[in-house]
Amino acid sequence: MTIVKTIDELENHYGVPGEASLIKVTDRLTPAYRDIVEKSCFCTLTTAGPEGLDCSPRGDAGPVVRIKDPRTLQMPDRRGNNRIDSLRNIIRDSRVSLMFMIPGWDNVLRINGQAVISVDPALLASFEKEGEHPRSVIEITTNEVYFQCARAIMRADLWNPDKQVTKNDVPPPGQIIQEIRDSFDGKTYDSEWLDRAKGTMW
């Protein structure tokens, strides 16, 4: 096995990046980038902490973030499992990375920046859904905004409905947990999950 160990070796191996891959980067939302963000109801949030990296899925009914201004995004932290891995990391290291996806669109939008966590009551109330407020709002200041080339999604044929799996094609969460802890009642967990999720969505 031949291991690449230096940046020079890596750059010599890959060659010079194309012009478009460099000039597409901005530090703020352009009108086109803003349009993409406003159409995206799902993104991943990557954070870093002393234990390592964490990548969390984020979704909402409508835009997954609110655009406060061209360099500021606000993401409500909706109900979940209270692990708060991402939030713990942001407290200790403000760097974050977002990847926005839109079903049917073969590109993704990437944003790197710095985040803080707000629990301002008025801000939380502004994100109310079905009478529930998020526990906090992650406010992100953008440093880099750019779209990612479509090849990865095209190779995966990600949006092809003929390739969608059914629920029975992958192990359900309860089974996964029971394989790790034999005493866990995976069947009950799975049978009650949908009603539990509907009642705790927001």
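Start by selecting N82, which sits in the loop between β4 (72–77) and α4 (85–92). Keep in mind that you're looking at a predicted model. Check the backbone of N82 here: phi is positive, about 65°, although the residue is not a glycine. Is N82 buried or exposed? It's exposed, with a relative accessible area of 59%.

Now move along to I84, found in the loop between β4 and α4 as well. Phi of I84 is another positive value in a residue other than glycine, near 45°. As for accessibility, I84 is partly exposed, at a relative accessible area of 37%.

Next, select α4 and colour S86, L87, N89 and I90: these are buried. Turn the view to look down the helix axis, and the buried residues of α4 fall within an arc of 160°, so they line one face of the helix. What do the buried residues of α4 pack against? Show β1 (42–49), β2 (52–59), β4, β5 (95–101), β6 (108–118) and β7 (136–148), and you have the partners.

Last stop: the largest pocket, with about 1,400 Å³ of space. β2 gives the largest share, 6 residues. Colour the lining by class and you'll get 19 nonpolar, 8 polar and 12 charged residues.

Notes. Residues are numbered from 1 along each chain as its sequence is written. This is a predicted model: local features need pLDDT of at least 70, side-chain atom pairs count only at pLDDT 80 or more; totals for chains, interfaces and linings use all residues. Side-chain values use heavy atoms; hydrogens and water are left out. Helices (H or I, at least four residues) and strands (E, at least two) are DSSP runs, numbered from the N terminus. Buried means under 20% relative accessible area, exposed over 50%, partly exposed in between (1.4 Å probe, protein chains only). The arc is that of the directions from the helix axis to the C-beta atoms. Contact means heavy atoms within 4.5 Å. On a 1 Å grid over the protein atoms alone, a cavity is a set of points where a 1.4 Å probe fits but cannot get out, and a pocket is an open set with protein on both sides within 12 Å along at least five of seven lines; lining residues have an atom within 4 Å of a point. Grid points are joined across faces, edges and corners, and a volume is the space filled by probe spheres set on the points. Ala, Val, Leu, Ile, Met, Phe, Trp, Tyr, Cys and Pro count as nonpolar, Asp, Glu, Lys and Arg as charged, and the others, Gly among them, as polar.
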